[in-house]
Amino acid sequence: MSEPGLQEDLSAQAELWAAATPAPKPHHLGHRERLRSRAATGGIEALPDYELLELYLFRSIPRGDVKPLAKALLTRFGSLAAVLGASVAELRTVKGVGEAVALDLKLLHHATLRVGRESVAKRTVITSWSQLLAYVKVALAHEPREQFRVLFLDKKNQLIADETMNHGTVDHAPVYPREVMRRALELSASAVILVHNHPSGDPTPSSADVEMTRQIVEAARALRISVHDHLVVGRDGVASFKALGLL
């Protein structure tokens, strides 16, 4: 066989071999279906955070591998709770997060907040303390700036309103006792629970927190309004003035 004929024969065999050999598939092909199947058959509670986040991202990003993005979000913010608590602007600093993904993650966060608020609102706050602590932690533990909020309660200690009285900086949120009391009178509240966060993560009350609480308690006493507690929320937990003997 001539040399050109041999080359043509080998080339034809190579083409046949290539056609008969399936091309390697990207590792993520079929991954969505497998992950959905695991979740649907009762395994959702056992999923690690990055896979739970993946499942949610499937709805925002209909095609492609989202595992790297889920892991990048958790690496950037440190936890699933912190991912959901991050602002839209912060979320968009992560490569691959566009406006739609950021908005979807914030929708999930606010849905979680509303569910928590409902569980508190429909029961006497004092007898659903664990739900209250869970709610304020979801609401405030990962806020980048201090917020001062007040839970206004009726005579049965049921929630009338949860309102943010002031936003502040990374370490201070100015509060005016007269504004808190004015709003309590407007709502016909019989009691209040004060709540604010420490963006540093440490919920230990500061001397300024103690002094501010004292002023509000004095203003409330004159109006026969009870201050049941002051909760300080941080990533490391929730501190209760009452439990610490500060109230």
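A helix here is a DSSP run of H or I covering at least four residues, with helices numbered from the N terminus. Keep that in mind as we walk through this structure, which is a predicted model.

Let's start inside helix α10. E218 and R214 both belong to this helix and sit 4 residues apart, about one turn of the helix. Their side chains form a salt bridge, with the closest N and O atoms 2.6 Å apart. R214 also meets E211 in a salt bridge, this time at 2.4 Å from N to O. E211 and R214 are 3 residues apart in α10, again about one turn of the helix. How exposed are these residues? R214 has a relative accessible area of 38%, so it counts as partly exposed. E211 is partly exposed too, because its relative accessibility is 33%, and E218 falls in that class at 43%.

Helix α10 spans residues 207-222 and also contains V210. Together with L244 and L246, V210 makes up a nonpolar patch on the surface, with about 230 Å² of accessible area in total. V210 has a relative accessible area of 32%, so it is partly exposed.

Now turn to helix α9, which covers residues 177-186 and holds both R183 and E186, 3 residues apart, about one turn of the helix. Their side chains meet in a salt bridge at 2.9 Å, N to O. R183 is partly exposed at 22% relative accessible area, and E186 is partly exposed at 45%. The whole structure holds 7 salt bridges.

Next, look at the interior. In soluble globular proteins, nonpolar side chains tend to be buried together. Which residues touch the most other members of the largest nonpolar core here? Of its 24 residues, they are L53, L57, L73, F77, L91, V97 and L105. Several helices contribute at least two residues each to this core: α2 (31-43), α3 (49-60), α4 (67-77), α5 (80-85) and α7 (99-121). Helix α4 gives the most, with 5 residues.

Finally, let's visit the rings. How many aromatic pairs does the structure hold? The count is 0. There is still a ring contact to find, though: K71 lies over the face of Y50, at 4.6 Å from the ring centre.

Technical notes
Residues are numbered from 1 along each chain as its sequence is written. This is a predicted model: local features need pLDDT of at least 70, side-chain atom pairs count only at pLDDT 80 or more; totals for chains, interfaces and linings use all residues. Side-chain values use heavy atoms; hydrogens and water are left out. Patches are made of residues with over 30% relative accessible area and no salt bridge: like charges are joined within 9 Å, nonpolar side chains (Val, Leu, Ile, Met, Phe, Trp, Tyr) within 5 Å. Accessible areas come from the Shrake-Rupley method with a 1.4 Å probe; for residues, only the protein chains shown count as cover. A salt bridge is a side-chain nitrogen of Lys or Arg within 4 Å of a carboxyl oxygen of Asp or Glu. Buried means under 20% relative accessible area, exposed over 50%, partly exposed in between (1.4 Å probe, protein chains only). Rings of Phe, Tyr and Trp (its six-membered ring) pair if their centres lie within 6.5 Å; planes under 30 degrees apart count as stacked, over 60 as edge-to-face and the rest as tilted. A charge sits over a ring if NZ of Lys or CZ of Arg is within 6 Å of the ring centre and within 35 degrees of the ring normal. A nonpolar core is a set of buried Ala, Val, Leu, Ile, Met, Phe, Trp, Tyr and Cys residues joined through side-chain atoms within 4.5 Å.
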